[in-house]
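Below are some notes for a colleague who is opening this structure for the first time. They are set out as numbered points and can be read alongside the model.

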Amino acid sequence: MVYDLAITFIRHGMTPENEARRYIGHTDVPLAEQEKARLAQADLQLFAPVDLLVSSDLLRCRQTCELLFRSYCGAKFEMAQWREMHFGDWEGKTFLELKEIKEYQKWLNSPLSTVPPNGESYQQFQTRVEQALEQTIILAEKTNAKHVAVATHGGPIRYVLERYAPQERSFWEWAVPFGGGYTLQSTLERWKEKKRCISLSEVLFKENENGRALTTE
């Protein structure tokens, strides 16, 4: 029997560090106050109710979950494996603060083969995200979930889209706005076999009282 399983991936909302364009892969920071207010008004328009909620263990993702899924009463799980890439010694720094460092220049030119000092390689990051996805699928099967929502970070979402979206695009070709995301519809069997999903749709928001759609930019 075919077991349909859709997973909606949502990027956390904006933080003050994001606004300042700082690298905050594993740095635990809260959402910006204006972002909390924006997400508190947001009304997600998903194709089906969510019956399992998974989040990165970092505060910005947990807060995003609480605000976007405020009426959700089902099972919730946190996973450190859904964190952003670890930028090591560059955590909390900006491009302007790093641009003269030779290792950083090399990383900008070859991000897939260069490792930030005391940070995580792209290969380690890929392996970790695959483990997070595998654990999420196991949880979905154990709880009989048909629609899982995962609150995570831009990097993990781009990787999942690059690897599993129906249309093939590179990591950086995928735009993932803060507070926005995508739903990948597939089957449990296809997820387990690491096959590309059947269909992809962008997360939409209901119009607010003034008749305008809430932006995710």
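1. This is a predicted model.

2. At the S4 end of the order, strand S3 (residues 52-56) pairs with S4 in the parallel sense, over four bridges. Val-54 has Phe-77 in S4 as its bridge partner.

3. Strand S5 covers residues 147-152, and Thr-152 has its place there. Is Thr-152 buried or exposed? Thr-152 is buried, because its relative accessible area is 0% and the cut-off for buried is under 20%. A polar atom of the Thr-152 side chain lies 2.6 Å from the backbone oxygen of Trp-82. Leaving out residues up to four places away in sequence, Thr-152 touches Ile-10, Arg-11, His-12, Ser-56, Cys-61, Trp-82 and Ile-157.

4. His-147 also lies in strand S5. With a relative accessible area of 1%, His-147 is buried. Its side chain reaches the backbone oxygen of Ala-48 at 2.8 Å. Beyond residues up to four places away in sequence, the residues that His-147 touches include Ala-6, Thr-8, Leu-46, Pro-49, Asp-51 and Thr-183. Leu-46, touched by His-147, is 17 Å from Thr-152, C-alpha to C-alpha, and 106 residues from Thr-152 in sequence.

5. Which residues have the most contacts inside the largest nonpolar core? They are Leu-5, Ile-7, Phe-9, Trp-82, Val-148, Leu-184 and Trp-191, in a core of 40 residues. The elements giving two or more residues to this core are S1, S3, helix H5 (102-109), helix H6 (122-143), S5, helix H7 (154-164), strand S6 (181-187) and helix H8 (188-192). H6 gives the most, with eight residues.

6. Trp-191 is one of the residues with the most contacts inside that core. Setting aside neighbours within four places in sequence, Trp-191 is in contact with Leu-5, Ile-7, Leu-133, Ile-137, Tyr-164, Leu-184, Ser-186 and Cys-197. Another core, of 17 residues, lies apart from the largest one; among its members are Ala-149, Ala-151, Val-203 and Phe-205.

Notes
Residues are numbered from 1 along each chain as its sequence is written. This is a predicted model: local features need pLDDT of at least 70, side-chain atom pairs count only at pLDDT 80 or more; totals for chains, interfaces and linings use all residues. Side-chain values use heavy atoms; hydrogens and water are left out. Buried means under 20% relative accessible area, exposed over 50%, partly exposed in between (1.4 Å probe, protein chains only). Contact means heavy atoms within 4.5 Å. A polar contact is a pair of N or O atoms within 3.5 Å; within protein, one must be able to donate a hydrogen and the other to accept it, and residues adjacent in sequence count only if both atoms are side-chain atoms. Two strands pair if DSSP finds at least two bridges between them. A nonpolar core is a set of buried Ala, Val, Leu, Ile, Met, Phe, Trp, Tyr and Cys residues joined through side-chain atoms within 4.5 Å.
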